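Please look over the sequence and the model shown here before reading on.

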Amino acid sequence: MGSGYDLAAAVLDDAATRPTAIICGKEELLEAATDDIISAALESTAKDSDPHESLRTLALAVFDALTEHHWVGNAAGAEPRQPAVLRIWKGIGAGLGRLGVSCSASADAGAALMNYLLGAAAQRAAASHHLLSDSDGQAYLEAFAAELTRSDSDAVSEQTAAALVEHDDREQFVNGLNIFLAGIEAGEGANVRLSLNPLR
């Protein structure tokens, strides 16, 4: 898992490659290091002709980068206007445009996918502070599952506990991503306004 050493190395490497005149402080260095990692992740994505696969590839590239460098999730979530976040947002927007999603709906759909990405990143970043290895993570999930069924042993708790013990983070992320993309496809792109809210 990523650690403070990973963060320090990334920031120091970034500082070494930038003129000292443009370094204003640790926040700027952290944003620059975050952008370098996200930029590299997005550059490695294949240019798929299918817009669904293009969005899936982008999201997985970001997820894998955040898995390798846990601190990036916290850094990216701290300031939505920083270059790394804007880079992801533009990539998502381009993919949604290729799907035929209208501009008004694209803002809502893009925000939903961005929140899904950063939410998953935040969870993994938080876990990295407490879990030192994959075996620690499995032990935590087993303890959590046992606590769920001990406090409330209804069908939902039993199903959730079983899923917790057996689940894989990346596979779960992909399944959620597929649900998201299926929702867009069901809305037939620009023909349906995805942001309809019955409460408005």
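How many aromatic pairs does the count come to? The rule is that rings of Phe, Tyr and Trp (its six-membered ring) pair if their centres lie within 6.5 Å; planes under 30 degrees apart count as stacked, over 60 as edge-to-face and the rest as tilted. By this rule there are two aromatic pairs. In one of them, the rings of phenylalanine 63 and phenylalanine 173 have centres 4.4 Å apart and planes at 20°, so this pair is stacked. Phenylalanine 63 lies in helix 3 and phenylalanine 173 in helix 9 (residues 169–186), so the pair ties together parts that are 110 residues apart in sequence. The rings of tyrosine 116 and phenylalanine 173 also form a stacked pair, with centres 5.0 Å apart and planes at 5°. This pair links distant parts of the chain, as tyrosine 116 is in helix 6 (residues 103–128) and phenylalanine 173 is in helix 9, 57 residues apart. Phe63, Tyr116 and Phe173 form one aromatic cluster.

The table gives the accessibility of these residues, where buried means under 20% relative accessible area, exposed over 50% and partly exposed in between (1.4 Å probe, protein chains only).

| Residue | Relative accessible area | Class |
|---|---|---|
| Phenylalanine 63 | 5% | buried |
| Phenylalanine 173 | 3% | buried |
| Tyrosine 116 | 28% | partly exposed |

**The model and its confidence**

This is a predicted model, in which local features need pLDDT of at least 70 and side-chain atom pairs count only at pLDDT 80 or more, while totals for chains, interfaces and linings use all residues. Residues are numbered from 1 along each chain as its sequence is written, and side-chain values use heavy atoms, with hydrogens and water left out. The pLDDT is the predictor's confidence in each residue, from 0 to 100. The chain averages a pLDDT of 76, and 73% of the residues score at least 70. Among the elements of the chain, helix 5 (residues 83–98) has the highest mean pLDDT (91) and helix 1 (residues 4–16) the lowest (51). Over residues 188–200 the pLDDT stays under 50. Where pLDDT is low, the predicted coordinates should not be read in detail.

**The chain as a whole**

The chain has nine helices and zero strands; both are DSSP runs, numbered from the N terminus (helices H or I, at least four residues; strands E, at least two). Of the 200 residues in the chain, 37% are buried. With contact meaning heavy atoms within 4.5 Å, 69% of the contacts between residues at least 6 apart in sequence join residues at least 24 apart.

**Helix 3**

Helix 3 (residues 51–68) has 18 residues and reaches 26 Å from its first C-alpha to its last, close to the expected 26 Å. The expected span is 1.5 Å times one less than the number of residues. Is helix 3 largely enclosed or largely open? Because 13 of its 18 residues are buried, helix 3 is largely enclosed by the rest of the structure. At its start, a side-chain oxygen of aspartate 50 reaches to within 3.1 Å of the backbone nitrogen of histidine 52.

**Glutamine 82**

Glutamine 82 lies in the loop between helix 4 (70–78) and helix 5. With 2% relative accessibility, glutamine 82 counts as buried. Its side chain reaches the backbone oxygen of alanine 76 at 3.5 Å. Leaving aside neighbours within four places in sequence, glutamine 82 is in contact with Glu31, Thr34, Ala75 and Ala76.

Note on methods: A polar contact is a pair of N or O atoms within 3.5 Å; within protein, one must be able to donate a hydrogen and the other to accept it, and residues adjacent in sequence count only if both atoms are side-chain atoms.
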